[in-house]
Amino acid sequence: MLKLENWSKSFNQNTVLNNINLEVPTGNVLSIIGSSGSGKSTLLRTVNFLEPADQGIIQIGTTTKDVAEINQQEILALRRQTAMVFQNYALFSKKTALENVMENLLMVKRMTLSEAKPIAEHYLEIVGMKDRMNYYPNKLSGGQQQRVGIARALAIEPEVILFDEPTSALDPELVGGILDLIMKVAHEKTTMLLVTHEMNFAKQVSDHVIFLDKGNIAEEGTPTQIFDHPQNERTRQFIRGFD
Ligand code: ADP
Ligand code: MG
């Protein structure tokens with residue numbers, strides 16, 4: 001599970017996350033929606049410690065830490081519990097699909113090559129990329145690169161997977177295949193935070209939805225509450241924009 005308490009982040013004078021409180025029980029999918037600049041990516045990036053949060057308490061699995069007191073070793077330990085899937089895939093261009101998936105197993109999980117390889121192959125098979133595991137990213141379509149990105153996240157078997165607009169960079173005809181794959185991952189009872197503009201998909205896959213507005217949770221609830229019966233005027237405007 002993942003829990004954040006009073007989670008805040010500013011860049012200079014700009015408050016990007018303002019005392020966020022949220023909880024994602026094990027196996028649940030939390031979707032985060034909101035306009036561009038509302039703080040969605042910053043929320044995921046601070047949970048993954050790609051950026052330090054300024055304030056707050058984070059719980060991942062059984063570990064709880066206050067960011068005011070956390071040390072580098074504890075950050076590394078928490079980072080091993082989450083995996084990001086990026087909008088632009090963020091694969092290493094000089095590594096094959098297989099090497100990309102093995103990278104964190106070797107570097108973060110400190111496995112040997114012979115330990116990492118079968119695990120990486122297993123997850124490449126799950127995402128439908130085993131037959132192309134020796135391809136370099138520039139020989140793969142966007143959809144295929146994102147499949148590798150998802151395999152890379154799955155392979156470290158993290159407590160939580162963080163998806164940041166995983167289909168936004170894809171050609172329209174490739175979006176459905178990736179959404180199907182994310183749905184499959186969700187059905188495996190993976191705990192997920194999903195930032196997406198695919199409202200119909202978010203409605204289907206989510207257990208809970210948060211509408212972020214200028215770094216504040218303006219409204220949250222079940223998919224039906226948020227998508228069909230939004231109460232907050234800004235949520236309404238936002239949802240209406242996708243009709
Ligand atoms: P979203 O993902 O919802 O579009 P972001 O989390 O990327 O929003 O950005 C939220 C706000 O934080 C924006 O105003 C953005 O300009 C600002 N921001 C994000 N990252 C940085 C950074 N590294 N330095 C300064 N400002 C940033
Ligand atoms: Mg973003």
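What is the order of the four strands in the open sheet? In this predicted model, local features need pLDDT of at least 70 and side-chain atom pairs count only at pLDDT 80 or more, whereas totals for chains, interfaces and linings use all residues. Residues are numbered from 1 along each chain as its sequence is written, and chains are lettered from A and ligands numbered from 1 in the order in which they are written.

The strands of the open sheet follow the order β2-β1-β4-β5, with antiparallel pairing. Strands (E, at least two residues) and helices (H or I, at least four) are DSSP runs numbered from the N terminus, and pairing requires at least two DSSP bridges between two strands. The edges are formed by β2 (14–24) and β5 (63–66), each of which pairs on one side only. From one strand to the next, the twist averages 15°; axes are lines fitted to C-alpha atoms, for helices over the stretch in contact, and angles run from 0 to 180 degrees between N-to-C directions.

Seven bridges join β1 (residues 2–11) to β2 in the antiparallel sense, and W7 has I20 of β2 as its bridge partner. Helix α1 (residues 40–47) packs on the sheet and touches β1 and β2, its direction making about 65° with that of β2. Contact denotes C-beta atoms, placed from the backbone, within 7 Å.

The residues around ligand 1 (C-beta atom, placed from the backbone, within 6 Å of it) include F11, N14, V16, K40, S41 and T42. Both β2 and α1 give two or more residues to this shell, and the largest share, three residues, comes from α1.

Technical notes. Contact = placed C-beta atoms within 7 Å.
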